[in-house]
Amino acid sequence: MGDAVQQFFAVKAKIAAAEREAGRDAGAVTLVAVSKTFDAADISPVIEAGQRVFGENRVQEAQGKWPALKETFADIELHLIGPLQSNKAKEAVALFDVIETVDREKIAVELAREIARQGRAPKLYVQVNTGSEPQKAGIEPRDAVAFVARCRAVHGLGIEGLMCIPPADENPGPHFALLEKLGTEASVTRLSMGMSGDYETAVAFGATSVRVGSAIFGSR
């Protein structure tokens with residue numbers, strides 16, 4: 001059994017333990033295995049071990065490896081977890097099952113157009129910049145609930161969740177708590193939060209999915 005497969009099972013076990021500790025149902029949290037920068041040969045053993053939900057940062061990179069993998073494994077669910085440029089909306093709607101990084105009006109407009117054109121509707125999350133970091137994508141927390149409402153009412157988008165990436169040098173707990181509060185106010189059912197260093201904490205704060213890359217595949 002390869003390192004990635006062993007680490008995948010270890011992460012699954014830690015998620016299950018965190019669910020129990022938080023008093024949550026077993027299986028309440030979906031593991032999104034972040035496979036960016038790894039090729040099909042690295043990813044395939046983890047798929048064969050049972051993982052079906054994967055995350056990629058870049059549309060172009062995902063286009064290079066996932067269409068063939070999805071043909072082989074029809075039940076793969078692919079998440080876009082990196083920033084989406086409006087000129088890539090067409091490709092993103094065609095390839096991804098979940099787009100977690102809706103964060104501005106222009107993207108909402110382009111996604112609505114492509115969803116109507118292609119007749120394919122990925123699940124959509126709004127990315128919230130919980131730390132208000134100028135260099136980071138995401139909508140400001142104070143604007144998030146109104147933006148979700150506008151996506152639904154103006155653009156006809158079915159926003160199902162919120163996503164955040166807390167500042168690297170801060171305790172993630174308050175950021176996860178903020179996202180959970182905003183999620184309740186925005187009436188969404190999904191919270192994508194927690195990465196390799198803090199996913200167990202995210203489970204305690206109500207994450208419905210965690211995005212784990214290096215703890216499974218190793219450092220890039």
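Trainee: Which elements do the buried residues of α3 pack against?
Mentor: They pack against α2 (40-48), β2 (53-56), β3 (77-80) and α4 (89-95). Contact here means heavy atoms within 4.5 Å. Helices (H or I, at least four residues) and strands (E, at least two) are DSSP runs, numbered from the N terminus.

Trainee: What kind of model is this, and how are residues numbered?
Mentor: The model is predicted: local features need pLDDT of at least 70, side-chain atom pairs count only at pLDDT 80 or more, and totals for chains, interfaces and linings use all residues. Residues are numbered from 1 along each chain as its sequence is written, and side-chain values use heavy atoms, with hydrogens and water left out.

Trainee: Back to α3. Which of its residues are buried?
Mentor: Val59, Ala62, Lys65, Trp66, Leu69 and Lys70 are buried, that is, under 20% relative accessible area, where over 50% is exposed and in between is partly exposed (1.4 Å probe, protein chains only). In an α-helix there are 3.6 residues a turn, so residues three or four places apart point the same way.

Trainee: What span should helix α3 have?
Mentor: Its 14 residues (59-72), at 1.5 Å a residue, should span 20 Å, and the end C-alpha atoms are 20 Å apart, which agrees. The expected span is 1.5 Å times one less than the number of residues.

Trainee: Where does α3 bend?
Mentor: The bend is at Lys65, by about 40 degrees, and Pro67 follows within four residues. The bend is the angle between axes fitted to the seven residues ending at a residue and the seven starting there.

Trainee: New topic. What is the phi of Thr37?
Mentor: Thr37 is not a glycine, yet its phi is positive, about 70 degrees. Thr37 sits in the loop between β1 (30-34) and α2.

Trainee: Where is His79?
Mentor: His79 is in strand β3 and is buried, with a relative accessible area of 2%. Beyond its neighbours within four places in sequence, His79 has contacts including Val32, Phe54, Glu100 and Tyr125.

Trainee: Lastly, how many residues line the largest pocket?
Mentor: There are 19, of which Val34, Lys36, Asn57, Ile81 and Met195 lie nearest its centre. On a 1 Å grid over the protein atoms alone, probed at 1.4 Å, a pocket is an open set of points with protein on both sides within 12 Å along at least five of seven lines, and lining residues have an atom within 4 Å of a point.
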